[in-house]
Amino acid sequence: YRSGQATGAIFYAADSTSITQLPIGTGDQFLGVTAGVPAYKTVPKVTRGTYTGNEISNRAIPHGLGVLPQIVFILRDDGLIYFRITYTQAAIFYWKNGALFGFVAVTAATATNFYVGNGADWEGSANLLPQPYTWVAIG
């Protein structure tokens with residue numbers, strides 16, 4: 001500990017000749033290691049909700065994360081079809097009977113909403129009337 005440094009800071013060997021200080025993280029972070037170097041990482045946020053299909057294209061579903069979701073999982077409540085949306089794709093991938101069945105284009109997710117519904121395939125785009133759906137978003 002040197003004068004003027006934060007109590008609780010972590011020191012680590014940056015290389016064979018120097019010591020580096022990792023400042024104290026914030027309350028929404030955890031300590032991780034990447035390539036042998038300690039670093040604070042933000043705890044992922046998780047939200048969940050439900051909606052009922054209404055066969056409207058590019059229907060916005062508010063996810064409440066405040067950040068772009070890394071992934072959204074959707075399950076049709078009868079358990080026959082499940083869906084996945086990732087942050088890199090403007091599409092919904094869906095599985096039927098345990099096998100990847102296809103994907104359907106929708107508007108890309110934002111920090112506010114993810115989107116379901118494409119008139120070319122209501123079932124595959126997770127917005128079939130009047131099916132109930134349950135979702136989990138991770139950001």
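User: What should I know about numbering and confidence before I start?

Analyst: Residues are numbered from 1 along each chain as its sequence is written, and side-chain values use heavy atoms, with hydrogens and water left out. In this predicted model, local features need pLDDT of at least 70 and side-chain atom pairs count only at pLDDT 80 or more, while totals for chains, interfaces and linings use all residues.

User: How many helices and strands are there in the protein?

Analyst: Strands (E, at least two residues) and helices (H or I, at least four) are DSSP runs numbered from the N terminus; here the protein has zero helices and 12 strands. Its radius of gyration, taken over C-alpha atoms, is 21 Å, well over the 14 Å that the globule rule (2.2 Å times the number of residues to the power 0.38) gives for 139 residues, so the protein is more spread out than a compact globule. The C-alpha trace spans about 65 × 25 × 25 Å along its principal axes.

User: Which residues have the most contacts inside the largest nonpolar core?

Analyst: In soluble globular proteins, nonpolar side chains tend to be buried together. A nonpolar core is a set of buried (under 20% relative accessible area, 1.4 Å probe, protein chains only) Ala, Val, Leu, Ile, Met, Phe, Trp, Tyr and Cys residues joined through side-chain atoms within 4.5 Å. The largest one has 19 residues, and those with the most contacts (heavy atoms within 4.5 Å) inside it are Tyr51, Ile74, Phe83, Phe114, Val116, Ala126 and Trp135. Strands E7 (71-76), E8 (81-86), E9 (91-96), E11 (113-116) and E12 (132-138) each supply at least two residues of this core.

User: What share of the residues of the protein counts as buried?

Analyst: Of the 139 residues, 32% count as buried.

How values were computed. Buried means under 20% relative accessible area, exposed over 50%, partly exposed in between (1.4 Å probe, protein chains only).
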